[in-house]
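Me: I'd like to learn how to read a pocket in a model. Can you take me through one?

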Amino acid sequence: MFEKVLIANRGEIALRLHRACREMGIQTVAVHSTADGDAMHVRLADEAVCIGPPAAKDSYLNMPAVLAAAEITGSEGIHPGYGFLSENADFAHIVEEHGYTFIGPSEEHIRLMGDKVEAKRTVSRLGIPVVPGSDGAITDEDEARRQADDIGYPVLIKAAAGGGGRGMKLVHSADAFAASLAAARSESKAAFNDDAVYLEKYLERPRHIEVQVIGDGTGKIVHLGERDCSLQRRHQKVLEEAPSPALNAEARERIGDVVVKALSEIKYTSLGTVEFLYEDGEFYFIEMNTRLQVEHPITEAITGIDLVREQIHIAAGAPLSFSQNNIRFAGHAIECRINAEDPRSFAPSPGQVGDFHAPGGLGVRVDSALYSGYRVPPHYDSLIAKLVVHGYNRNDCLMRLTRSLEEFVIGGITSNTPLHAELIRQQDFIDGNYHIHWLEQYLAQQD
Ligand code: ADP
């Protein structure tokens, strides 16, 4: 096992990783920008190294600085968390080349799944159903237009290097195709330095359902059920739940089996999430994330498995310690992503936290790096807390979530807590009757 792990991230996830290491007897090294000197994970870690100025490209994305911090502290493993360098195959390569262990999947699998066109082709070959779309990346505009006609409008133009919904354009008719293609290409070039795009049939009322897996590189893969992340705004998840209110046991087992079989063929290592759209009883693969996800705690709640701990064990060379038939799903869990933003305009609201009180009690978990007096810096993602609630069943979970949101006090800055309280009161949500476009339609009606 590692003696010392460097945490190449910030905020709530850096704290989450620190906690797992601590409980495993592993020393932690925090790295931080000059904007994060007083961050909670920096305070708690055994050692801390400042790796650059506030801009992420100069600090959290600065590979030489992260490696130098690993070198001077004698770290053995590097955990990238989510975002930042977590899905950067070059980083995974350089980490290993310098003799450290990258706590995550292999460089090859990160690279494969990072190219969404290649990923679709590969998983389709492995028996996973995909969204109907263009045959690979688009090269020629006229040919692309013909393919769009064949797929049938509306179509979605997506970036091959995509992430965070960028480079994605919805096209309703052939007249708008050329302009949308140009826009998608230039947005993708600006965001990912890659203008390759592909086409997909636009699904009108799907749910976003993703399957959590873990593998140890020997071909042994276990799935830990699904998460339903259909409550989204601008392709960004707002609230997630597990299990999905839309799946029955048969559908859950069917998709779990398909995913396990495919990933065991490629001997996937570490944590991964296979994302699907689900409509009219059919699953359609959209992408695979080769990292720990923001919403992993709801899976931990219903399985009782510490995903980060298992991920670290596997990175240290241990085999998976459980099999599929050891997994028992218990109850229902919901996560609310609490952001420092206005609940209506969604404008970011960084600044100094005044009073802070996190809810607690049975079945309530708050992953947050906030404390009273902490200054939320303006340079990073606005996620400041994850409220994760577990109950015997969905109704119980909703009651507990309602009272937890009532208890939550985050003074001094504006957060989207009132929006969560409002959304979980809506009849469609109570009935579990919502799809990926539901939230935007709801917000549009309120204006
Ligand atoms: P990114 O990597 O940019 O996050 P994804 O492929 O994961 O892109 O898609 C993000 C979200 O965009 C999905 O959760 C879904 O809401 C929406 N989306 C993606 N593909 C489609 C599609 N073919 N039809 C309708 N919505 C889609």
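Reply: The residues lining the second largest pocket split into five nonpolar, three polar and four charged (Ala, Val, Leu, Ile, Met, Phe, Trp, Tyr, Cys and Pro count as nonpolar, Asp, Glu, Lys and Arg as charged, the others, Gly among them, as polar). This is a predicted model, where local features need pLDDT of at least 70 and side-chain atom pairs pLDDT 80 or more, while totals for chains, interfaces and linings use all residues. Residues are numbered from 1 along each chain as its sequence is written, and side-chain values use heavy atoms, without hydrogens and water.

Me: How much space lies in the second largest pocket?

Reply: Rolling a probe the size of a water molecule over the atoms shows where empty space is left. Here a pocket is an open set of points on a 1 Å grid over the protein atoms alone, where a 1.4 Å probe fits, with protein on both sides within 12 Å along at least five of seven lines; lining residues have an atom within 4 Å of a point. The volume is the space filled by probe spheres set on the points, which are joined across faces, edges and corners. For the second largest pocket that's about 210 Å³.

Me: Which domains does the lining of the second largest pocket draw on?

Reply: Domain 2 (132–201) and domain 3 (207–446) each give at least three residues; the bounds come from an automatic or database domain assignment. Among the lining residues are Leu-156, Tyr-202, Arg-233 and Glu-440. Strands S7 (169–171) and S10 (221–233) each supply at least two lining residues (strands are DSSP runs of E, at least two residues, numbered from the N terminus).

Me: And between domains?

Reply: The centres of domain 1 and domain 3, over C-alpha atoms, are 23 Å apart.

How values were computed
Helix = DSSP H or I, 4+ residues; strand = E, 2+ residues; numbered from the N terminus.
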